[in-house]
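Dear colleague,

Please find below the structure that I am handing over to you.

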Amino acid sequence: MEYLRAFFIGGLICLIGQILMDTTKLTPARVLVIFVTTGVILGALGIYGKIVAFGGAGATIPLPGFGYSLAMGVIEEVKNKGLIGAFTGGVKATAGGITAAVVFGYLMAIIFNPKTKK
Amino acid sequence: MAKDVIKEHEYQELVKKTEPKPNLIKNGIGAFVVGGIICTIGQFFLSYFMQKGLKMQDASTITSIIMIFLGAFLTGLGVYDDIGKRAGAGSIVPITGFSNSIVSPAMEFKREGYVFGVGAKMFVIAGPVLVYGITTSVIVGILYYFFGR
Amino acid sequence: MMTKRIGTQTIKFQSPPSIISRASIVGPKEGQGPLKDYFDEILTDDYVGEKSWELAESKIFEKAVDLALKKVNLKPSDINYLFGGDLLNQIISSSFAARSMQIPFFGLYGACSTMAEALSLAAMMIDGGFADYTIAATSSHFSSAERQFRYPLELGNQRTPTSQWTVTGAGATILSKYGNGPYITYVTTGKVVDLGIKDANNMGAAMAPAAADTIINHFRDTGFSPTDYDLVVTGDLGRVGSDLLYEILAREGFDIKDIHMDCGLEIFDESQDIQAGGSGCGCSAVVLNGYLLSEMSKGLFNRIFFMATGALLSTTSTQQGESIPCIAHGVVIERFLN
């Protein structure tokens, strides 16, 4: 059952992104910035947490989910460490993802070459 | 002389009117289905690790890493851009798209060397996501410290 | 001394140079298109055995010039001037090719209008008595253009309906004081025209006003009209740009619909998943040197106005929110002199 919910929520968030890209002059890069920022804000307000509870990976895998992780991380660290947590919490919570991106990016660059589009 | 024949704003109106619009239905379906599938794959890993006893947060982190690897690998194979053609936002918005946006410039600019090419250009597309995401989270943290606790 | 200038931006040649040789080399995708039988060579590998896309493009440029020379038994040392350009920053494709060929070289940047710009200047050198043999050549490569202007090749972005596909190809034309045609008889040089279009994904719309401007001025300067031509050729306006061109020309009373051909629309067909058509310097170059001059020699066309349009933007100017200034250069090519 959770698979169906993940499919639906994930698909819906991507659909919203597609509509933004197709009906406005927003480039994909700007849409992603909007998504991640929205995820941070909705996460902080407790709204995104409810979407995660319902949709699981359907909410955490899309980019607003990354924003949500940043928000949750920051709030957690501020609770534990005070104001300094505002600067450490976000990156701490998303360290795994960011590091993986850097490392795998480098690895794939070593192994593979770009090919012409057909 | 072209400006004597047609005024600037008149021309811009004409362009806007005649510009072909993308096929919203086809693109929407593509985005929904592929986005949904990628998230379902993510759910598979998330459920698996939570069943193994991991907390939601840790399971989520490992799932992200796996999905980032998958996005990176498909980019390396040269397959991710073919998916993206049809999927649009369905392959851009999930974290696999984040991965693709880092791996593709890393691969592309290898020719300019591992320091200035791969190293420097890796975040040329994904950079803004990190800058705006992290900055917003800092603001959230500060606001939470003063007003939220 | 009789003046050769007519009107505001046109030159009428007193001793029109002849096109004595031509060559066109294209990439695999173009080699699957409707004009595939007209090209001299279709590459199987668009890296052409080189280590980078940029070097590959330069190689194609060189090959095109070499082939054109071979066809008429000329050597680089027989050529007085090479006019060439491409889309890459600091036109490295042409410059690196010129390095191997050792011909006195004028590097040009006219974006996708470069073939017409090069032909204009190469022809003027001969009619002006400054040269006996000149070459006009240009190249473009999908991958080198994409990584410079747009996105890394493996990025999963989705193309919009107005976006164009940069052609992988190079074309070279050899002009001579001696020869029996086809001749270049008139050159109309474009002015930079900008009606405020900012969308770098809709180049056709940005370039149409420049194309209209050059056509209108050509007709005004020369007194010719659409009925005097078998074909009015544009480089890469695409479907969108072509329709806009007709609209603007109609306001001046010119109708070229029946004789108009856009190289970007001819080089690929619908099934190749191209949105608004092909583009790039190489587009007009290979269609001219492959298809147009071939059919002209067979008698299908006697008199054509070859006009390539260029969008003179850079990644910096678009990121700074500037609009896209464009230019269109045109030459008249005719089989016979009257």
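This is a predicted model: local features need pLDDT of at least 70, side-chain atom pairs count only at pLDDT 80 or more; totals for chains, interfaces and linings use all residues.

Residues are numbered from 1 along each chain as its sequence is written, and chains are lettered from A and ligands numbered from 1 in the order in which they are written.

Chain A

Chain A has 6 helices and 0 strands; helices (H or I, at least four residues) and strands (E, at least two) are DSSP runs, numbered from the N terminus. Its C-alpha atoms fill a box of roughly 55 × 35 × 35 Å along the principal axes. Of the 118 residues in chain A, 55% are buried (20 or more other C-beta atoms within 10 Å of the residue's own, with C-beta atoms placed from the backbone). Two residues are in contact if their C-beta atoms, placed from the backbone, lie within 7 Å. Among contacts in chain A with a separation of 6 or more, 59% join residues 24 or more positions apart.

Helices α1 (residues 2–23) and α2 (residues 28–44) of chain A pack with their axes 10 Å apart, at an angle of about 135°. Axes are lines fitted to C-alpha atoms, for helices over the stretch in contact, and angles run from 0 to 180 degrees between N-to-C directions. G17(A), L20(A) and M21(A) of α1(A) meet P28(A), V31(A) and F35(A) of α2(A). These contact residues divide into 5 nonpolar, 1 polar and no charged (Ala, Val, Leu, Ile, Met, Phe, Trp, Tyr, Cys and Pro are nonpolar; Asp, Glu, Lys and Arg charged; the others, Gly among them, polar).

Chain C

Chain C is assigned domain 1 (17–176) and domain 2 (183–334), with bounds from an automatic or database domain assignment. The C-alpha centres of these domains of chain C lie 18 Å apart.

Contact between the chains

The contact takes 8 residues from chain C and 6 residues from chain A. On the chain C side, 3 are nonpolar, 2 polar and 3 charged.

Yours sincerely

Notes: A residue is buried if 20 or more other C-beta atoms lie within 10 Å of its own, exposed if 12 or fewer, and partly exposed in between; C-beta atoms are placed from the backbone.
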